[in-house]
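Let's take a look at the aromatic rings and the nonpolar cores of this protein.

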Amino acid sequence: MTQPTSLSFAICRLAVAPVRRFADMVSEMTTQVRFGEGVEILDENRGMWQVRLCHDGYDGWVDSRQFTAPQAAPPLAGRVLTADLVGWATHGAEKRLLPCGTPLPAWADGALAIGEEIWKWNGTVHHLPTVPHWGHLLAEADRYAHTPYFWGGRTLWGIDCSGLVQTLLLHQGIGIQRDCITQVDEGTTVLSLHDAQPGDLAFFDGTRDGGRHVGLVLGGGEVLHSSGYVRVDALTARGITVRETGHLSHRLTALRRVTEWGGFGS
């Protein structure tokens, strides 16, 4: 392995790139880096970089060919996101098909910076708000309906349960950790479902579906989550009841509040 130099940061140049558990192209994908997101380079092994994602601190291994050349300064975080469902970003003859929610670093007048490269985005954009808005989150969540469950995924092309929650909250300017086993430490405890509010995070142990799980409380006895695909199911003090079958798929174990929401009834 090669120790990192003073040029210790880089930016993803593809629409989305896999982050793997080990320094092997066929190793398990644990998360993804999106176009415009920066990483800190921790180590190098046969063309793969061990990196830490700048936006949430997640560690893993990436293919260095999918990133800009290393740079000394930490990349700027994108406070502007793509708002079109999908659209093309261009840099000369190069094109990238970007899904909604892609960060656009140093955005100004239709241009953005990926390292030293200037890219063009002619679509609509979303500016991260200073106050999270519940109605806007619901509108964004509707775009992800029926997105397939994809372990490690973070886009509407495939997303897992914690990736869905993290992505929707980030759209409202709220940063949380990547995995549900660490997301459960975010915010403050909500004592019971009776005390829960729309926008709270609900955590579960699996029954038939197995494993730990997280969803977003919608209110009215409903939860938004990614299980098989992004869906809305019934939520009770016991857990998630699958609407089509009536079986209990996940047992409720914890509730957390990560922010207060504006925009109710608007």
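## Rings and cores

Going by ring centres within 6.5 Å, there are three aromatic pairs in this predicted model. Two of them are set out here.

| Pair | Distance of centres | Angle of planes | Type |
|---|---|---|---|
| F35 and W119 | 5.3 Å | 80° | edge-to-face |
| W49 and F67 | 6.1 Å | 55° | tilted |

W49 has 10% relative accessibility, so it counts as buried. F67 counts as buried too, at 5%.

There's also a charge over a ring: the charged end of K95 sits 4.2 Å from the centre of the W88 ring.

On to the cores. The largest nonpolar core has 23 residues, and Y144, L169, L201 and L224 have the most contacts inside it. At least two residues each come from α1 (134-143), α2 (161-171), β16 (201-206) and β17 (212-219), with α2 giving the most, five. Setting aside neighbours within four places in sequence, Y144 touches residues including R34, C100, I159, L164 and V230.

Another core, of twelve residues, lies apart from that one; C12, V51, L53 and F67 are among its members.

Methods:
Residues numbered from 1 in each chain as written. Predicted model: local features only at pLDDT ≥ 70, side-chain atom pairs only at ≥ 80, totals over all residues. Heavy atoms only, no water. Phe/Tyr/Trp six-rings, centres within 6.5 Å; stacked < 30°, edge-to-face > 60°. Buried < 20%, exposed > 50% of the residue type's maximum accessible area, 1.4 Å probe, protein only. Lys NZ or Arg CZ within 6 Å of the ring centre and 35° of its normal. Core = buried A, V, L, I, M, F, W, Y, C linked by side-chain atoms within 4.5 Å. Helix = DSSP H or I, 4+ residues; strand = E, 2+ residues; numbered from the N terminus. Contact = heavy atoms within 4.5 Å.
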